[in-house]
Amino acid sequence: MKTIYSTILLLLIMINCATATPPPDPMPAHETINIDSKILAEIRVINVWTPSTYQNSNETLPVLYMPDGGEKEDFAHIANTLAELIAAKKIPPTILVGIENTQRRRDLTGPTEVATDKEIAPIVGGSANFRNFIKTELIPEINQKYRTNSEKGIIGESLAGLFVTETFLVEPDLFDYYIAFDPSIWWNDHELEKTAKDHLAKFPTTEKRFWFAGSGTDSILNSTRNLADTINKAGLRNLKWFYADEPKEKHNTIFRATKENAMIWTMNKN
């Protein structure tokens, strides 16, 4: 009987370990600045992490921007990953700029005609305004305060991945590279998926990089596969792109499962 109880207890411990939420990422040293945005009519909190080499040199560095960049969001997670990859010399030293959310679903979504989309938040469809904030207020502020070069990218997951993908298609010259995990391109009845061909037909001639991944989530996998097929058919020679087809991953696992591969592939120009 004691053996049976011990076995049950062991099974319960194993189940709890398998389902437990991973411990929070340790918060690295960083700076926090506030931007009084005229475009968004609110103060936005911006977290900035610089690699250790930044303090000991005069070199200018590329910048990686990220929505969901608050201290209680994904800022620490990505900053720590960057630090590890930089230390291992797998990616070049890079500054991370995290944009803390105020109304996430407003900022990261485009307009929609789908009633169920509109139910996710009191206000949706503000992605163009948010992009304008990044372009005309945030990037100039970062360039003024930090030693940056012209290289910049953006990273995001889920709705932030939708914003990254939308920006890649509608304003590709804003960044040099784009990283999107499980982008919610089902938004507005798959509008981005449907219009990608038209956007790519007007793609600039400058060199761009786009890495994106799709998990096995029903609302994601077919859409990301269709987007990959559209990009492949476009045959753009100046676009370096990679699609990570990950049907065994879930929406809540794909970010951590593929982040290192995404950064190494995208943040190295060669």
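Helices (H or I, at least four residues) and strands (E, at least two) are DSSP runs, numbered from the N terminus. The structure described here is a predicted model, in which local features need pLDDT of at least 70 and side-chain atom pairs count only at pLDDT 80 or more, while totals for chains, interfaces and linings use all residues. Residues are numbered from 1 along each chain as its sequence is written, and side-chain values use heavy atoms, with hydrogens and water left out.

L64 lies in strand β3. Its relative accessibility is 0%, and L64 therefore counts as buried; buried means under 20% relative accessible area, exposed over 50%, and partly exposed in between (1.4 Å probe, protein chains only). Contact here means heavy atoms within 4.5 Å. Not counting residues up to four places away in sequence, L64 touches I78, L82, T94, I95, L96, V97, G153, I154, I155 and Y177. One of these, V97, is 33 residues from L64 in sequence, and their C-alpha atoms are 6.1 Å apart.

Helix α3 is largely enclosed by the rest of the structure, because ten of its 13 residues are buried. These are F75, A76, H77, I78, A79, N80, T81, L82, L85 and I86. Their cover includes β2 (42-49), β3 (61-66), β4 (95-99), β5 and α10. Just after α3, K89 takes a positive phi of about 60°.

The expected span of a helix is 1.5 Å times one less than its number of residues. The table sets this value beside the end-to-end C-alpha distance.

| Helix | Residues | Expected span | C-alpha end to end |
|---|---|---|---|
| α8 | 15 residues | 21 Å | 22 Å |

Helix α10 bends by about 35° at E260, and helix α8 bends by about 40° at T195.

The buried residues of α10 are I254, F255, T258, K259, A262, M263, T266 and M267. They pack against α3 (75-87), β5 (148-157), β6 (177-181), β7 (208-215) and β8 (239-246).

In α8, the buried residues are W187, N188, L192, E193, A196, H199 and L200. Helices α5, α7 and α9 (218-234) are the elements against which they pack. D189 is also placed in α8 (residues 187-201), and its phi is near 55°, a positive value in a residue other than glycine. H190, likewise found in helix α8, has a positive phi of about 65° although it is not a glycine. D189 counts as partly exposed because its relative accessibility is 44%; H190, at 26%, also counts as partly exposed.

T165 has its place in helix α7 and is buried, with a relative accessible area of 0%. Leaving aside neighbours within four places in sequence, T165 is in contact with A180, P183, I185, L192, F210 and L227. T165 and F181 are 16 residues apart along the chain, and their C-alpha atoms are separated by 9.6 Å.

## Packing of α6 with α7

Two packed helices are described by the angle between their axes and the distance between the axes. Axes are lines fitted to C-alpha atoms, for helices over the stretch in contact, and angles run from 0 to 180 degrees between N-to-C directions. Helix α6 and helix α7 (residues 159-170) pack at an angle of about 75°, with their axes 11 Å apart. That angle makes α6 roughly perpendicular to α7; angles under 35 degrees count as roughly parallel, over 145 as roughly antiparallel, 65 to 115 as roughly perpendicular and the rest as oblique.

On the α6 side, S127, F130, R131 and I134 meet F163, E166, T167 and V170 of α7. The residues of this contact divide into four nonpolar, two polar and two charged. Here Ala, Val, Leu, Ile, Met, Phe, Trp, Tyr, Cys and Pro count as nonpolar, Asp, Glu, Lys and Arg as charged, and the others, Gly among them, as polar.

G125 is found in the loop between α5 (115-118) and α6 (127-145). G125 counts as partly exposed, at 25% relative accessibility. Apart from its neighbours within four places in sequence, G125 is in contact with R105, R106, T109, G110 and P111. G125 and L200 are 75 residues apart in sequence and 22 Å apart in space, C-alpha to C-alpha.

Definitions and conventions:
The bend at a residue is the angle between axes fitted to the seven residues ending there and the seven starting there.
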